[in-house]
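Subject: Structure for you to look at

Dear colleague,

Here is the structure I said I would pass on. Please open it next to this message and read the notes below with it.

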Amino acid sequence: MKKHYILLLILAILVLIWLWLRYGQKVSLAVSDEAEIPGEIPTGGMTPLRCALLLMEGSRGIEVKAFQAYYNDNRPFGLPPIETDGILGPITMQAARDLSGKEGLMGFSLDDFGICRQNI
């Protein structure tokens with residue numbers, strides 16, 4: 001009975017090693033491409049911006065982070081900056097409405113604001 005537990009433990013370790021070799025290195029490389037500096041717009045590299053991607057409340061990713069950084073650099077006078085956390089919540093959605101001038105805005109893409117054209 002003890003041999004079965006040892007064999008299962010060895011098998012589990014081998015599976016974990018295989019998973020790390022197969023996926024672990026790729027995940028760490030993809031994450032390292034995201035902007036960590038507030039106000040920096042991530043472009044190029046392994047994670048290019050998807051400029052036509054429809055962003056709606058609840059969206060997450062570097063496209064949202066790029067919009068948040070763009071907003072902070074181009075926000076209307078008197079409005080406070082927003083957090084560049086890559087999460088499109090109600091504050092970021094209101095920022096998009098403020099920047100676009102469309103009060104009923106429910107979704108947008110980076111192309112709507114010309115963000116990708118500025119960073120090519």
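The notes below go from the overall layout to confidence, then to particular residues.

Please keep in mind that this is a predicted model.

Layout. The chain holds four helices and two strands, and from the N terminus the order of elements is α-β-α-α-β-α. Of its 120 residues, 30% are buried. Among contacts between residues at least 6 apart in sequence, 50% join residues at least 24 apart. The accessible surface of the chain is about 8,200 Å², and carbon and sulfur atoms account for 64% of that surface.

Confidence. The mean pLDDT of the chain is 77, and 73% of the residues score at least 70. Helix 3 has the highest confidence, with a mean of 92, while helix 1 has the lowest, with a mean of 69. Residues 25–41 have a pLDDT below 50, although this stretch makes 24 contacts in the model beyond near neighbours in sequence. Where pLDDT is low, the predicted coordinates should not be read in detail.

Helix 1. Leu-14 sits in helix 1, which spans residues 2–31. Is Leu-14 buried or exposed? Its relative accessible area is 51%, and the cut-off for exposed is over 50%, so Leu-14 counts as exposed. Leu-14 also belongs to a nonpolar surface patch, together with Ile-6, Leu-7, Leu-9, Ile-10, Ile-13, Ile-17 and Leu-21. Together the residues of this patch have about 770 Å² of accessible area.

Helix 3. This helix covers residues 90–100, and its buried residues are Thr-92, Met-93, Ala-95, Ala-96 and Arg-97. Helix 2 (62–74) and strand 2 (107–108) are included in what covers them. Just after helix 3, Gly-101 has a positive phi of about 80°.

Aromatic residues. Searching the whole structure gives five aromatic pairs. In one of them, Phe-67 and Phe-108 have ring centres 4.8 Å apart and planes at 50°, so this pair is tilted. Phe-67 is in helix 2 and Phe-108 in strand 2, so the pair links distant parts of the chain, 41 residues apart. Both residues are buried, Phe-67 with a relative accessible area of 0% and Phe-108 with 1%.

Phe-67 also pairs with Phe-113: the ring centres are 5.2 Å apart and the planes are at 45°, so this pair is tilted too. Phe-113 lies in the loop between strand 2 and helix 4 (115–118), so its pairing with Phe-67 in helix 2 ties together parts that are 46 residues apart in sequence. Phe-113 has 14% relative accessibility and counts as buried. Phe-67, Phe-108 and Phe-113 form one aromatic cluster with Tyr-70 and Tyr-71.

Around Phe-108. Which residues does Phe-108 touch, not counting those up to four places away in sequence? The list is Leu-53, Leu-54, Leu-55, Phe-67, Leu-88, Met-93, Ala-96 and Phe-113. Two of these, Met-93 and Ala-96, are among the buried residues of helix 3. Ala-52 is 56 residues from Phe-108 along the chain, and the C-alpha atoms of Ala-52 and Phe-108 are separated by 8.7 Å.

Regards

Conventions
Residues are numbered from 1 along each chain as its sequence is written. This is a predicted model: local features need pLDDT of at least 70, side-chain atom pairs count only at pLDDT 80 or more; totals for chains, interfaces and linings use all residues. Side-chain values use heavy atoms; hydrogens and water are left out. Buried means under 20% relative accessible area, exposed over 50%, partly exposed in between (1.4 Å probe, protein chains only). Contact means heavy atoms within 4.5 Å. Patches are made of residues with over 30% relative accessible area and no salt bridge: like charges are joined within 9 Å, nonpolar side chains (Val, Leu, Ile, Met, Phe, Trp, Tyr) within 5 Å. Accessible areas come from the Shrake-Rupley method with a 1.4 Å probe; for residues, only the protein chains shown count as cover. A salt bridge is a side-chain nitrogen of Lys or Arg within 4 Å of a carboxyl oxygen of Asp or Glu. Rings of Phe, Tyr and Trp (its six-membered ring) pair if their centres lie within 6.5 Å; planes under 30 degrees apart count as stacked, over 60 as edge-to-face and the rest as tilted. pLDDT is the predictor's confidence in each residue, from 0 to 100.
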